[in-house]
Amino acid sequence: MTINRRRFIQGTAGITAVSAFSAIGNKTTTAAPAAVIEKNDTPLFVATWPFGKSSCEAAVKIVQNGGSMVDAIEQGIWVTEADVKNASVGIGGIPNAAGAVELDACIMTGPDHNAGSVGGLQDILHPISVARMVMEKTPHVMLVGEGAKQFAIKHGVATTELLTDKQKQQWQTWKDKQTEKKPPINEDHHDTIAMLGLDGQGNLFGGCSTSGWGYKIPGRIGDSPIIGSGLYVDNQVGAAGATGLGENVMRHCGSFLVVEMMRQGASPTEACERAIRRIAELDPKNLSNLDINFIALSKAGVYGAAGTSKGFRYSFANPTETKVIDALPLSEKAIGPEGGNRK
Ligand code: SD4
């Protein structure tokens, strides 16, 4: 579908957006776009959590300076990966139970429906870049562990110590107490970055990066690098990304489910809500115990988000505006400062 001019309709938790997609019989069709995106409204990016704002802003600048949308997703996510104060993405992330930081990331491009992903990657500052290399330089979609690390080194990526002194001390304290996998609660524990982007031609892109569940069993991989769980991009319909307790997202192909809800006509916010409610129906855990949050972006430029608890926020940037938005909460429970990195 080629989109020349569409008026951008902002999707927020409260808005019932006009859907650009409808299902006729059992055939899903793309209706005329409901809106026109003015030229300066793209590229636009949405990302999980308030810390995603810097990544979205960086991504907009990268495109404005001549970079591609893939560059924008990758280098936008670099900002969060490189932030040592962020305890759940990249350097400074909470380590696994053995004291090693293990990173998960993926990237997906709408126009060619291509994807790359890494899981359990150690000693590499930008796992999103290795995910991109997997997508662009190999016939594979996912590399994990030592194989992923050696692949990165072979392609010229330098190794970096990802465990900061602060995280090392906290891990030592946790280990000394021998309490299962419970991370200390503090303000730093917010969470995976999932970022979605739309260009002026209506093409969708996405990326996701995390250090995952704090003090996880070594080798544990969450939803974030799994295409269809932590991230999914369908260039006909829209894109979605997840943050929260990966085990509860990946058992339900969460992001794919959100996109399928949009395909059936739901707005992005409605799609996030319907996906969560559908998961809660099937899952023995109560809705408020699932710790799932989704962001979604439609091909028409509508965006939205919902979470199982109160307090999930997400970020938006385009060339004229940047902001942090409250997602639609589906229960009264507070999300808590540690978000999905809890046990
Ligand atoms: C994981 N979903 O590894 C990630 C962590 C996260 O909010 O998003 N925390 O399970």
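The following conversation goes through a predicted model and asks what lies behind some of the words used for it.

Colleague: Why is His-113 called exposed?

Modeller: His-113 has 11 other C-beta atoms within 10 Å, and because a residue counts as exposed at 12 or fewer, His-113 is exposed. His-113 sits in the loop between strand 4 (103-109) and strand 5 (114-121), and its phi is near 45°, a positive value in a residue other than glycine.

Colleague: What makes Asp-291 buried?

Modeller: For Asp-291 there are 26 other C-beta atoms within 10 Å, and the cut-off for a buried residue is 20 or more, so Asp-291 is buried. Asp-291 belongs to the loop between helix 8 (268-282) and strand 11, and Asp-291 also has a positive phi, of about 55°, although it is not a glycine. Most residues other than glycine have a negative phi.

Colleague: How do you know that strand 10 and strand 11 pair, and which way do they run?

Modeller: Strand 10 (residues 238-244) is joined to strand 11 (residues 292-298) by 7 bridges, and since pairing asks for at least two bridges, the two strands are paired, and they run antiparallel. One of the bridges links Gly-244 with Ile-292 in strand 11. Both strands belong to an open sheet of 5 strands, in the order 9-10-11-12-15, with mixed pairing.

Colleague: Why are strand 9 and strand 15 called edge strands?

Modeller: Strand 9 (231-234) and strand 15 (328-329) each pair on one side only, and in the order 9-10-11-12-15 they stand at the two ends. Helix 7 (residues 254-263) lies across strand 9, strand 10 and strand 11, and runs at about 140° to strand 10.

Colleague: What describes the packing of helix 1 and helix 2?

Modeller: Helix 1 (residues 52-64) and helix 2 (residues 69-81) pack at an angle of about 145°, with their axes 8 Å apart, and their crossing is right-handed. Among the residues that make the contact are Ala-58 and Ile-62 of helix 1 and Ile-73 and Ile-77 of helix 2. The contact residues divide into 10 nonpolar, 6 polar and 1 charged.

Colleague: Which residues touch the most other members of the largest nonpolar core?

Modeller: They are Phe-45, Val-46, Val-258, Phe-294, Ala-296 and Ala-305, in a core of 93 residues. Helix 2 gives the largest share of this core, 7 residues, while another core, of 5 residues and including Trp-171 and Tyr-215, lies apart from it.

Note on methods
Residues are numbered from 1 along each chain as its sequence is written. This is a predicted model: local features need pLDDT of at least 70, side-chain atom pairs count only at pLDDT 80 or more; totals for chains, interfaces and linings use all residues. Axes are lines fitted to C-alpha atoms, for helices over the stretch in contact, and angles run from 0 to 180 degrees between N-to-C directions. Helices (H or I, at least four residues) and strands (E, at least two) are DSSP runs, numbered from the N terminus. A crossing is left-handed if the near helix is turned anticlockwise from the far one by less than a right angle, and right-handed if clockwise. Two residues are in contact if their C-beta atoms, placed from the backbone, lie within 7 Å. Ala, Val, Leu, Ile, Met, Phe, Trp, Tyr, Cys and Pro count as nonpolar, Asp, Glu, Lys and Arg as charged, and the others, Gly among them, as polar. A nonpolar core is a set of buried Ala, Val, Leu, Ile, Met, Phe, Trp, Tyr and Cys residues joined through C-beta atoms within 7 Å.
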